Amino acid sequence: MSIESVRAYFLQHAPDIQIIETDSPTATVEQAAIVHNVEPNQIAKTLSLKVKNEVVLVVCAGEARLDNQKVKQALGSKARMLRADEVVAWTSHPVGGVCPFGIPHELRVYCDVSLQQYTEVLPAAGSVNSAVRISPNRMAELTNAQWIDICL
């Protein structure tokens with residue numbers, strides 16, 4: 001269902017964006033960068049976090065790492081990564097295919113400034129072998145994301 005929900009999302013909100021499906025898995029940043037022939041940081045990974053009692057998504061550059069102090073300052077509390085079963089329950093996407101598109105729950109989405117160094121990034125598209133090519137600003141606009149600085 002997951003890639004289908006992303007496909008339906010783009011059909012409704014951005015029909016010009018095409019989902020790229022590959023024969024090779026792209027579940028990790030390294031795999032995706034090789035398959036799509038881009039720098040690892042151009043892979044826009046989506047992290048599923050629980051902050052206090054709220055689940056949020058943070059999209060950041062592929063090799064970026066969360067800075068716990070920045071997270072606490074920007075989001076008001078420490079954050080924990082969701083377990084794989086929680087990720088699927090909240091996003092409908094499997095780990096390795098998580099993206100901020102086509103999710104069944106209205107979750108707050110944040111884009112880390114680490115993405116702004118690129119004109120095009122590749123977030124997953126709901127499966128472990130799919131992605132889309134999109135500008136960081138358009139991704140933020142489509143998902144009503146807020147730009148924050150929480151990564152190293």
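This is a predicted model: local features need pLDDT of at least 70, side-chain atom pairs count only at pLDDT 80 or more; totals for chains, interfaces and linings use all residues.

**Entry 1: surface.** The chain exposes about 7,800 Å². Carbon and sulfur atoms supply 48% of that area.

**Entry 2: elements.** I looked up the helices and strands next. The chain has five helices and eight strands. I read them along the sequence and wrote down α-β-α-β-β-α-β-α-β-β-β-α-β. Then I checked the radius of gyration, which is 14 Å. The globule rule gives 15 Å for 152 residues, so the chain is as compact as a globular protein of that length. I also looked up the box that the C-alpha atoms fill. Along the principal axes, that box is roughly 40 × 30 × 25 Å.

**Entry 3: inside.** What percentage of the 152 residues is buried? I found 53%. I then turned to contacts between residues at least 6 apart in sequence. Of these, 63% join residues at least 24 apart.

**Entry 4: the cores.** I looked for the largest nonpolar core and found 44 residues in it. Phe10, Phe101, Leu115, Val132, Ile134 and Met139 have the most contacts inside this core. I listed the elements that give two or more residues to the core, among them α1 (2-13), α3 (68-75) and α5 (136-142). The strands on that list are β2 (43-51), β3 (54-61) and β5 (108-112). Which element gives the most? That is β3, with seven residues.

**Entry 5: Met139.** I picked Met139 and asked what it touches, leaving out residues up to four places away in sequence. Its partners include Phe101, Leu115 and Ile134, which are also named among the core residues with the most contacts. Met139 touches Ala44, Val59, Pro100, Cys111, Val121 and Pro123 as well.

**Entry 6: positive phi.** I looked up two residues other than glycine with a positive phi. Phi of Lys52 is near 55°. Lys52 sits in the loop between β2 and β3. Is Lys52 buried or exposed? Its relative accessible area is 58%, and the cut-off for exposed is over 50%, so Lys52 is exposed. Phi of Asn144 is near 55°. Asn144 is in the loop between α5 and β8 (146-148). Asn144 has a relative accessible area of 69%, so I noted it as exposed.

**Entry 7: charges.** Last, I looked up the 13 positive and 16 negative charges of the chain. Their mean positions are 9 Å apart.

Technical notes: Residues are numbered from 1 along each chain as its sequence is written. Side-chain values use heavy atoms; hydrogens and water are left out. A nonpolar core is a set of buried Ala, Val, Leu, Ile, Met, Phe, Trp, Tyr and Cys residues joined through side-chain atoms within 4.5 Å. Buried means under 20% relative accessible area, exposed over 50%, partly exposed in between (1.4 Å probe, protein chains only). Helices (H or I, at least four residues) and strands (E, at least two) are DSSP runs, numbered from the N terminus. Contact means heavy atoms within 4.5 Å. The radius of gyration is taken over C-alpha atoms; the globule rule is 2.2 Å times the number of residues to the power 0.38. Accessible areas come from the Shrake-Rupley method with a 1.4 Å probe; for residues, only the protein chains shown count as cover. Lys and Arg count as positive and Asp and Glu as negative; His and the chain ends are not counted. The place of a charge is taken as NZ of Lys, CZ of Arg, CG of Asp or CD of Glu.
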